[in-house]
Amino acid sequence: MQRLLRGIFAAENYSTILLCYKKPSGRMIEISEKRRVKLMKQYDGIKDEELISRFKNGESEILDYLMEKYKNMVRKKARTMFLIGGENDDLIQEGMIGLFKAVRDYQPDRDAAFQTFASICVDRQIYNAIQSSNRQKHQPLNSYISLSEQ
C-alpha cells in the first residue's frame, strides 16, 4: 500500500516514512538512507527554532531533518487512536501532514517551543481526520460489505 497524500508517502511496513519531492521534470525522488544519516549529523546540535528560521530562508533540506526527527512522536500519537474504516498508517500519514504544517506555520516570537507546537499540530490533524471520517456523510464508506469476499 503506497499512496501519495500531499507529497508524503506511507510505506506499508512503516519502518521508515519516505519523503519525496517532485523535480521540475515531474519525477519523484526519495530520500536515501545515506542522506538521512548525513542530515541527522549535520543538524543534530542546532535548536529547532533556529532550524526553522533557516528553513524559511531557503534551506529546504532542513524539512527532511525535522520530519525525520519527529516521526517517532507522530507514530506514538497515532498508535493511541483509532480510525473507523482506516488503518493506523492513515493516522500516521495525517500526523506527518500535521508535522509539515507545524514546520510551515511555526512562529518563534509566540513564546512556545517548536516541540510543543508540533505536538499540538499533529494532535489536531489526527483528530480532524478521525472527526471527518465519523461524519454521517461517510457512513456508507465506513460500513460497507465486500461483495467479493462472499
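A residue is termed buried when its relative accessible area is under 20%, exposed when that area is over 50%, and partly exposed in between, as judged with a 1.4 Å probe and protein chains only. The structure is a predicted model, in which local features need pLDDT of at least 70 and side-chain atom pairs count only at pLDDT 80 or more, whereas totals for chains, interfaces and linings use all residues. Residues are numbered from 1 along each chain as its sequence is written, and side-chain values use heavy atoms, with hydrogens and water left out.

The protein has six helices and four strands; helices (H or I, at least four residues) and strands (E, at least two) are DSSP runs, numbered from the N terminus. Along the sequence these elements follow the pattern β-β-β-β-α-α-α-α-α-α. Of the 150 residues of the protein, 39% count as buried. The accessible surface comes to about 9600 Å², and 50% of it belongs to carbon and sulfur atoms; such areas come from the Shrake-Rupley method with a 1.4 Å probe, and for residues only the protein chains shown count as cover. Contact is taken to mean heavy atoms within 4.5 Å. Among the contacts in the protein with a separation of 6 or more, 56% join residues 24 or more positions apart.

In soluble globular proteins, nonpolar side chains tend to be buried together. A nonpolar core is here a set of buried Ala, Val, Leu, Ile, Met, Phe, Trp, Tyr and Cys residues joined through side-chain atoms within 4.5 Å. The largest such core has 29 residues, of which Leu66, Val74, Leu91, Leu99, Phe114 and Ile126 touch the most other members. At least two residues of this core are supplied by each of α1, α2 (48–56), α3, α4 and α5, and α3 gives the most, with nine residues. When neighbours within four places in sequence are left aside, Leu91 is in contact with Ala78, Met81, Phe82, Leu83, Ile126 and Ile130.

Two packed helices are described by the angle between their axes and the distance between the axes. Helix α1 (residues 33–43) and helix α3 (residues 61–79) pack at an angle of about 90°, with their axes 9 Å apart. Axes are lines fitted to C-alpha atoms, for helices over the stretch in contact, and angles run from 0 to 180 degrees between N-to-C directions. Angles under 35 degrees count as roughly parallel, over 145 as roughly antiparallel, 65 to 115 as roughly perpendicular and the rest as oblique; α1 and α3 are therefore roughly perpendicular to each other. The contact involves Arg35, Arg36, Leu39, Met40, Gln42 and Tyr43 of α1, together with Glu61, Ile62, Asp64, Tyr65 and Glu68 of α3.

The C-alpha atoms of Tyr43 and Ile62 are 7.9 Å apart, although the two residues are 19 residues apart in sequence. On helix α3, Glu68 is in contact with Arg36 and Met40, again leaving aside neighbours within four places in sequence.

Two exposed residues were also examined. Asp111, in the loop between α4 (88–105) and α5 (114–133), has a positive phi of about 60° although it is not a glycine. Asp111 is exposed, with a relative accessible area of 74%. Arg124 lies in helix α5 and counts as exposed at 57% relative accessibility.
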